[in-house]
Amino acid sequence: MVNLEELTRRSARAYELGRLRMAASVALVILPVVAACLLDPAFRERSACCASALLAAAIWFRYRDRRGVEGVRVGLLAGSLPLALSLLVTHVDPACAAAGPWSSCTAFSLLIGGASGVLISMLSSTRDAARASWLIAVPIALFAASLGCLRLGVASVLGAAAGLVLGHAGASFKQRPT
């Protein structure tokens, strides 16, 4: 005879394990980028800290619900722009790392963060479920952008964060019907 309580527990455990596997599959996308960021020994500790926060947040949001899956996807896509461009700037102009908060490097981070915010608005407006997930996409994009912007200094991270929020707010305000 089959014990229904035991069968119910086993099925619930299998369901939750499947959700966790699906949520953790985002590591296949994040870990290669993190490995590339960890190659620079000068920023290894900062990158590892930011990468662990990114990975933990991405897995948690994806595990939580379907909007989290969409929000993480949008956030990773939007955060890849400032990540890639800040890594490029680090190699092209290494003096940006020592630049002050009122430098052209910070302005560049603000501009690229704004472009990422607009990208979040554009990607979120394509699906109704993703529209509500911008609260997930913005922090994920910020964690992803910080992996590269940390090399340019704290002012660049703050510039990218401000640009991301302002870009998203401006683009989503413009998209609202009157």
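The following legends describe close-up views of a predicted model.

**Figure 1. Overall fold of the predicted protein.** The protein contains 8 helices and 0 strands, where helices (H or I, at least four residues) and strands (E, at least two) are DSSP runs numbered from the N terminus. Along the sequence the pattern reads α-α-α-α-α-α-α-α. Of its 178 residues, 40% count as buried, meaning under 20% relative accessible area with a 1.4 Å probe and protein chains only. Among contacts (heavy atoms within 4.5 Å) with a separation of 6 or more, 80% join residues 24 or more positions apart.

**Figure 2. Confidence of the model.** The mean pLDDT, the predictor's confidence in each residue from 0 to 100, is 83 for the protein, and 89% of residues reach 70 or more. Confidence is highest in helix α1 (residues 4-24), with a mean of 92, and lowest in helix α6 (residues 128-131), with a mean of 51.

**Figure 3. The largest nonpolar core.** A nonpolar core is a set of buried Ala, Val, Leu, Ile, Met, Phe, Trp, Tyr and Cys residues joined through side-chain atoms within 4.5 Å. The largest such core has 21 residues, of which Ile30, Leu54, Val72, Leu76, Ile140 and Leu147 touch the most other members. Two or more residues come from each of α2 (27-37), α3 (44-64), α4, α7 (134-149) and α8 (154-175). Helix α3 contributes the most to this core, with 6 residues. Apart from this core lies another, of 7 residues, including Ala78, Ile120, Ala137 and Val138.

**Figure 4. The surroundings of Leu147.** When neighbours within four places in sequence are left aside, Leu147 is in contact with Val34, Cys37, Ser47, Cys50, Ala51, Leu54 and Leu83. Leu54 and Leu147 are both among the residues of the largest nonpolar core that touch the most other members.

**Figure 5. The largest cavity.** A cavity is a set of points, on a 1 Å grid over the protein atoms alone, where a 1.4 Å probe fits but cannot get out; lining residues have an atom within 4 Å of a point. The structure holds 1 cavity of 30 Å³ or more, and the largest cavity has a volume of about 30 Å³, a volume being the space filled by probe spheres set on the points, which are joined across faces, edges and corners. The lining consists of Pro82, Leu85, Ser86, Phe108, Ser109, Ile112, Cys149 and Ala160. The lining divides into 6 nonpolar, 2 polar and no charged residues; Ala, Val, Leu, Ile, Met, Phe, Trp, Tyr, Cys and Pro count as nonpolar, Asp, Glu, Lys and Arg as charged, and the others, Gly among them, as polar.

**Notes.** Residues are numbered from 1 along each chain as its sequence is written, and side-chain values use heavy atoms, with hydrogens and water left out. In this predicted model, local features need pLDDT of at least 70 and side-chain atom pairs count only at pLDDT 80 or more, whereas totals for chains, interfaces and linings use all residues.

Terms used. On a 1 Å grid over the protein atoms alone, a cavity is a set of points where a 1.4 Å probe fits but cannot get out, and a pocket is an open set with protein on both sides within 12 Å along at least five of seven lines; lining residues have an atom within 4 Å of a point. Buried means under 20% relative accessible area, exposed over 50%, partly exposed in between (1.4 Å probe, protein chains only).
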